[in-house]
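The sequence and coordinates are shown below.

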Amino acid sequence: MRLLTHNMLACNIKGVTNGYPLRLEAEKWVEKEVNFNADFLRSVFPKIEWPALVGAVRALGCHDLLPQDAPNPSALDSDDDFLRRFHRALLQLHVEEGALVCPETGRRFPISKGIPNMLLHEDEV
Amino acid sequence: EGNDLGGICEGFCTADLLHLDCFGLDDSARIAINELVEVVIEEAEKKGGGNSQARKTRVLFYSFHRDDIPAESVMHKFLLLRNSRCFLFTGMLVKGIYELWGEGTTDDDLEKAIKGFPDERKLPYLKPESSFRIIVDNFGKVISFQEQNERIRGLSYIPFKGRVDLRNPDHKFWLMEIDDYGENNGLPPVVERRIFFGREVGAADRKLLPTYQLKSRKYIGPTAMDAEIAFLMANQGLARPGKLIYDPFVGTGSILVAAAHFGAMTMGADIDIRVVRDGRGPDCNVWSNFEQYGLPKPLSLMRSDNNLPPWRSGLKEVFDAIICDPPYGVRAGGRKSGGRKLLKGTVDPYTVPEEKRFDHIPSTAAYSLAECVNDLLELAARMLVMGGRLVFFFPVLREDVVTVAQFPEHPCFTLIASCEQILSLRYSRYLLTMVKTGHYTEEISELARKKHSDFRENHLKWMEEGNLHSAVFSSSDSQTTKALFDRDSKP
């Protein structure tokens, strides 16, 4: 599971109002090469919840990869170093085993073999 | 891009010059032809009615869709695309482009037509220093080697001066013939025999298909999308580098493989975790299908239910296209969260004991066609960027071999293409391409929420009305099929 995916997902249990961001617990993560595409990064940047991404990156122990505050979008055009870091954080860090934990209910959505299981139980729908 | 052939060709014909002839073609060829017609019509409209004066050469499409598009302009496009991946795809639709030297319903007609074709267009390709080959193709019928030779000898009135080279000729000529061979698989019959002779201007690179065909793919399931159709779908979705494409019913990943081939980034989800996570082992799963072709793997695969998607609130307009083959229940039934009895109201929700929660397998209930399509449109309306595309198959029952299709509608979408693929006498499916043309508003989102709860409350009703499986497989006088496509059961 890439952090892009983490950034998009929330706990959707019936009645939960504060199911985002999911706390990332990573038992095993790897880095996987993804083709660098600046246009894609620029178009996806405005859709990203920055604090959630920073939180996820730190959950993996990469404390210095991204700045705490979202940079001005112009940095995407002028700052190649930032663009590379953003690319790495969003697309290359890959959680193999672990869980996504709902901040409101504590419900654990397991991640196994890189695939988060977001399916709800019968009593949660 | 997609069904836009360009903007670089100057002399497209007017749309009304098109005449579409469907002879005994296979299904994918039919989709290709519909696409082609659409391309040309769109192009003609764009140019304010088109321009028929620039016509110089007549072109025959191999698939017997023929028209008067100038060969030069089409070739131009071919050359431009030859070095890009798009070319391969264009090649899937246009199987070949030929300069038509003559056509007729009898051999005599053909001879007359070829003799009447201007010498200055013929002679440069008949020179003694060039090599050539003649290919005989009877569409929909295999003819013997001997018959082929006889047909070629029948062309002796054409002054071929060059030498024959079967392997690597300078010029290829095609003698094509269509006739009523008795079997047309439910497609419109061939009206009369027609023979075409022409010079090959450009042929498509069809090598793509053997590479990707399902029988050589490691991991496939019972409903894996045919490779050619998956590529058509990916092209309709404008899969390109820098685009993000999502398949909410990813299965073994066939559609995303096609999208990744065109350079797009991909994401997929499926409700069945055995399919997306486990496959048939560490070297035989969705990921390995991408590995096999050296394609970038999906950015994300996840297990989720499109009926209750886990997107954070406020997230919208992230995908450039959603391309999928929803589970309508003809081959594999759709499932959604919540047990059958639970949705019926006969049992209270099963409370999963704490110690079993980690690997508990939630029960699922059948998913009706109407609800499935409704969820898909809602997902697409929210998650596609403006101008993004929703491409999906929609099943339709055929009555008396004629299809009366009524497609789902949504205020955010404009339908731009619908291509029928006939699957049996009773059943066909349409590949629908919709463009997001309206913004996803609070109002639309509220309507969707109401619709969602309506579906959940009336689960049984929708299941009874939306059972496509029984409609397709029941005896022909069954009345249960009707309700499925009534207006008010439409999503």
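## A buried glutamate in chain A

E124(A) counts as buried because its relative accessibility is 6%, which falls under the 20% cut-off. The model in which this value was computed is a predicted one.

E124(A) belongs to the segment that follows strand β4 (115-116) of chain A. The side chain of this glutamate comes to 2.7 Å from the backbone nitrogen of H121(A).

## A buried serine in chain B

In chain B, helix α11 (residues 286-292) contains S288(B). With a relative accessibility of 4%, S288(B) also counts as buried. A polar atom of the S288(B) side chain is placed 2.9 Å from the backbone oxygen of N285(B).

## Overall architecture of chain B

Chain B has 491 residues, of which 56% are buried. Its secondary structure consists of 16 helices and 17 strands.

Of the contacts in chain B between residues at least 6 apart in sequence, 75% link residues at least 24 apart.

## Extent of the interface between chains B and A

The interface brings 45 residues of chain B into contact with 32 residues of chain A. Together the two chains bury about 3400 Å², and carbon and sulfur atoms account for 62% of this area. Three residues, L299(B), R303(B) and R312(B), supply 20% of the area that chain B buries against chain A, more than any other three residues.

## Composition and polar contacts of the interface

Which elements of chain B each supply at least two residues of the side that touches chain A? They are strand β9 (265-270), helix α10 (273-278) and strand β10 (300-303). By residue class, the side of chain B that touches chain A comprises 27 nonpolar, nine polar and nine charged residues.

How many salt bridges does the rule find across the interface of chain B and chain A? The count is zero. Polar contacts, by contrast, are present: 15 residue pairs are found across this interface, with both residues of each pair at pLDDT 80 or more.

Methods. Residues numbered from 1 in each chain as written. Chains lettered and ligands numbered in written order. Predicted model: local features only at pLDDT ≥ 70, side-chain atom pairs only at ≥ 80, totals over all residues. Heavy atoms only, no water. Contact = heavy atoms within 4.5 Å. Buried area = accessible area lost by both parts, 1.4 Å probe. Salt bridge = Lys/Arg side-chain N within 4 Å of Asp/Glu carboxyl O. Polar contact = N/O pair within 3.5 Å; in protein donor to acceptor, adjacent residues only side chain to side chain. Helix = DSSP H or I, 4+ residues; strand = E, 2+ residues; numbered from the N terminus. Nonpolar A, V, L, I, M, F, W, Y, C, P; charged D, E, K, R; others polar. Buried < 20%, exposed > 50% of the residue type's maximum accessible area, 1.4 Å probe, protein only.
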